[in-house]
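Please look through the structure shown here and follow a written account of some of its contacts.

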Amino acid sequence: MKLISANWKMNLTPAQTREYLQKFLPLVEDIKDREILICPPFTSLCVAGEMLAGSGIRLGAQNCYHEPRGAFTGEVSLDMLKEFGVSYAIVGHSERRWIFGESDELINKKVTACLKAGVRPIICVGERLEEREAGLTFKVVETQIRLALSGVEEYTSSVDIAYEPVWAIGTGNPATPEDAQLVHAYIKDLLHQINPGHRGETRVLYGGSVSPKNASEFMRMKDVDGLLVGGASLDPESFSQIVKSF
Ligand code: PEP
């Protein structure tokens, strides 16, 4: 099933989350043919978990830490997240990589911990502008995926991948649907190379300046299995239009 995900980033307080979901839930209550995922900040997981319970809409975390407990000030473990009803975690978002310095090695530890905890990781990959201009898009994406899955290659069917070109995130300048399609098809081939037993359940999502205006163009592409939406997911009306796009 296609997966349409909202990444709220560091936006919306618990009170604003309640208000958002009160508006959003009735707008999407008839949608049964796609999975909807909301990834609020940690501080809103409790209220969102309570409001989404029984709705069929999934709750995700924007990040996690790979250790189960201990002296890791400011970090949040997967067991803590699961208690709120979290079933997905975004791992390796470009803002984590480039603002907070997360390495491929750390991302691999997080992916591994998610798989062990039964939380489905959405592994974010994508090239920066200079890498694209140097013709390195496929190489960058391949390296990021291989490193993220290092040691857990047999679990390719238990992860989703978000292709998010860094230059397209939050810029209003999305990739063309045709360019996204090329990278998505490449990623799917790569998963079969990494794991010859790959069953193909991995959704490859597109992310980067998705809006209600362009969402359908991406969703029509053969290998686009869903979307990861930042800015345009912050308004319930706009995100509901994206959820309904075909
Ligand atoms: C994101 O944060 O994953 C994202 C794609 O952001 P935006 O939709 O705002 O470009």
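An oxygen atom of the ligand is 3.2 Å from an N or O atom in the side chain of N7, which falls under the heading of a polar contact, that is, a pair of N or O atoms within 3.5 Å, where within protein one atom must be able to donate a hydrogen and the other to accept it, and residues adjacent in sequence count only if both atoms are side-chain atoms. This is a predicted model, in which local features need pLDDT of at least 70 and side-chain atom pairs count only at pLDDT 80 or more, while totals for chains, interfaces and linings use all residues. Residues are numbered from 1 along each chain as its sequence is written, and side-chain values use heavy atoms, with hydrogens and water left out.

| Residue | Part of the residue | Distance to an oxygen atom of the ligand |
|---|---|---|
| N7 | N or O atom in the side chain | 3.2 Å |
| K9 | polar side-chain atom | 2.8 Å |
| G170 | backbone N or O atom | 2.6 Å |

In total, 14 residues surround the ligand, and the closest are K9, E164, G170, S209 and G230; a residue counts as near when one of its heavy atoms lies within 4 Å.

S209 also belongs to the loop between β7 and α9, where helices (H or I, at least four residues) and strands (E, at least two) are DSSP runs numbered from the N terminus. At 18% relative accessibility S209 counts as buried, a word that means under 20% relative accessible area, whereas exposed means over 50% and partly exposed lies in between (1.4 Å probe, protein chains only). Most residues other than glycine have a negative phi. In S209, however, phi is near 60°, a positive value, and L12, in the loop between β1 (2-7) and α1, likewise has a positive phi, near 75°.

N214 is found in the loop between β7 (204-207) and α9 (215-219), and at 11% relative accessibility N214 counts as buried.

Turning to the rings, the structure holds seven aromatic pairs, meaning rings of Phe, Tyr and Trp (its six-membered ring) whose centres lie within 6.5 Å, with planes under 30 degrees apart called stacked, over 60 edge-to-face and the rest tilted. One of these pairs, F24 with F239, is stacked, at 5.4 Å centre to centre and 25° between the planes. F24 lies in helix α1 (residues 14-28) and F239 in helix α10 (residues 236-243), so the pair ties together parts that are 215 residues apart in sequence.

F138 and Y186 form an edge-to-face pair, at 4.8 Å centre to centre and 70° between the planes. F138 is partly exposed, with a relative accessible area of 33%, and Y186 is partly exposed at 24%.

Helix α5 (residues 104-117) has 14 residues and reaches 20 Å from its first C-alpha to its last, close to the 20 Å expected, a span defined as 1.5 Å times one less than the number of residues. Among the buried residues of α5 are I107, V111 and L115. Just after α5, G118 takes a positive phi of about 75°.
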